[in-house]
Amino acid sequence: MNVIPRVRTTARSIVSRFPFLDLKAQFATIRSEVLESVIRTLDSQHFILGPEVEAFEGEVASQTGCSHAIACASGSDALILALLALDIGRADEVITTPFTFIASAGSIARVGAKPVFVDIDPQTFNIDSKAIERAITPRTKAIMPVHLFGLASEMDAIQEIASAHRIPIVEDAAQAIGARYEGRAVGSLGALGCFSFFPSKNLGGAGDGGLVTTNDERLADTLRLLRVHGARRKYEYEVLGMNSRLDALQAAILRVKLRYLDKWAVARRNNAARYRDLFHEFRLESLVMAPASPARLSHVYNQFTIRVKERDALREHLQQRGIPTEIYYPRPLHLQNAFKHLGHKLGDFPVSESASLEVVSLPIYPELTEEQQRAVVAAIADFDAE
Ligand SMILES: *Cc1c(COP(=O)(O)O)cnc(C)c1O
């Protein structure tokens, strides 16, 4: 039998222990639809690309307002395929942020190019658009803004710099499907948009998956070629490609979940608003910096990431009270061993470095209850009172 430990908070509410992300709660709401789509796909015995994947691609294309969507094996591959489609490789540079998941800069290094880091804005955690221009050299072949935690980067400013220098933008929209920049969907704001369907993303599959969006017919054609070993016809290889395709089973499941994406984003936004109200109610506004959410951007809150000075002590305190949290990200990429060859040192990107010491993400998934959110905030208030 499962014994569920109970957590007492100072708000005198009693809440069962709950996970940081409750995928089971979400699955329970769509179980029969998902099973139906899995059985349909198994009955078809068509597993690689094919009609389910094409249908899913069409649905994502219309969701993002892009003319093409090319599904692949993961979000990391989406970034690699996008860079390869732009013919980026050795001796090239790509500008991105050091405060992101490894795959952003990792994909750049993986194709043989050099990640050139630009520090972030302390409020949004996204690339500081004002600092991009200084990082551009004759070797810069792309700018890769990351819409971190589900908030779009400052795309107007980035587009202005990119078009002045004739440099394409590759959006890392892995955490931001459904997010908008002044009404326009992320993934449609650069030459190429890259998405991930890792289970913890807002549109998560039952395994790995990814996708690239574009309005450029030629790039779309190249991407379709690259994901199948560079072959347009069997055993005739036009270019050196790779094996990076979305499984039909994943596409079938993702098609079900895509229908709920907007509804889930609304629930995430409501939960974010409730955290803000609770921070106010518990008078935590001087302790906790809530995430920025400029009115002209629509945040989809893949993460709800706050900043606090005594982050590690707070996290420890919350952990003891059964409140789940995560740190995204504890060490910026320029200080990772994998990028040692870039020769960076502590102090090179101070805003990213201090963010990595002060951020903590709170549970934000659509199924989170008010009671659970109240327990999270009460436990933070309890720390403040100590
Ligand atoms: C998840 C993620 C990726 C990579 O996605 P995978 O599907 O896990 O390969 C890339 N960039 C960012 C910012 C991500 O969060």
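Start by selecting the ligand and the shell of residues around it: by class, that shell has six nonpolar, eight polar and two charged residues. For this count, Ala, Val, Leu, Ile, Met, Phe, Trp, Tyr, Cys and Pro are nonpolar, Asp, Glu, Lys and Arg are charged, and the others, Gly among them, are polar. Before you go on, know that this is a predicted model, where local features need pLDDT of at least 70, side-chain atom pairs count only at pLDDT 80 or more, and totals for chains, interfaces and linings use all residues. Residues are numbered from 1 along each chain as its sequence is written, and side-chain values use heavy atoms, with hydrogens and water left out.

**Stop one: around the ligand**

How many residues surround the ligand? There are 16, and the closest are Gly 75, Ser 76, Gln 175, Ser 196 and Lys 201.

Click on Gly 75: one of its backbone N or O atoms lies 2.7 Å from an oxygen atom of the ligand. Next, pick Gln 175, where a side-chain N or O atom is 2.7 Å from a ligand oxygen. Then try Lys 201, which has a polar side-chain atom 2.9 Å from an oxygen atom of the ligand.

Next, colour the helices (H or I, at least four residues) and strands (E, at least two), which are DSSP runs numbered from the N terminus. Which elements give two or more residues to the shell around the ligand? They are α3 (75-85) and α4 (102-110). The largest share, three residues, comes from α3.

Tyr 329 is in the loop between α10 (311-320) and α11 (350-358).

Jump to Ala 91, in the loop between α3 and β4 (93-96). Ala 91 isn't a glycine, yet it has a positive phi of about 75 degrees. Phe 149 is another one to click on: its phi is near 65 degrees, a positive value in a residue other than glycine. You'll find Phe 149 in the loop between β6 (140-143) and α6 (155-164).

Are these two buried or exposed? Buried means under 20% relative accessible area, exposed over 50%, and partly exposed in between (1.4 Å probe, protein chains only). Phe 149 is buried, at 3%, while Ala 91 counts as partly exposed, at 48%.

**Stop three: pairs to join with a distance line**

Find Glu 33 in helix α1 (residues 23-44); Glu 33 is partly exposed, at 24%. Draw a line from Glu 33 to Lys 257: they are 224 residues apart in sequence and 9.3 Å apart in space, C-alpha to C-alpha.

Finish with Glu 160 in helix α6, which counts as exposed at 60% relative accessibility. Glu 160 and Leu 226 are 66 residues apart in sequence, and their C-alpha atoms are 30 Å apart in space.

Terms used. Near = heavy atom within 4 Å. Polar contact = N/O pair within 3.5 Å; in protein donor to acceptor, adjacent residues only side chain to side chain.
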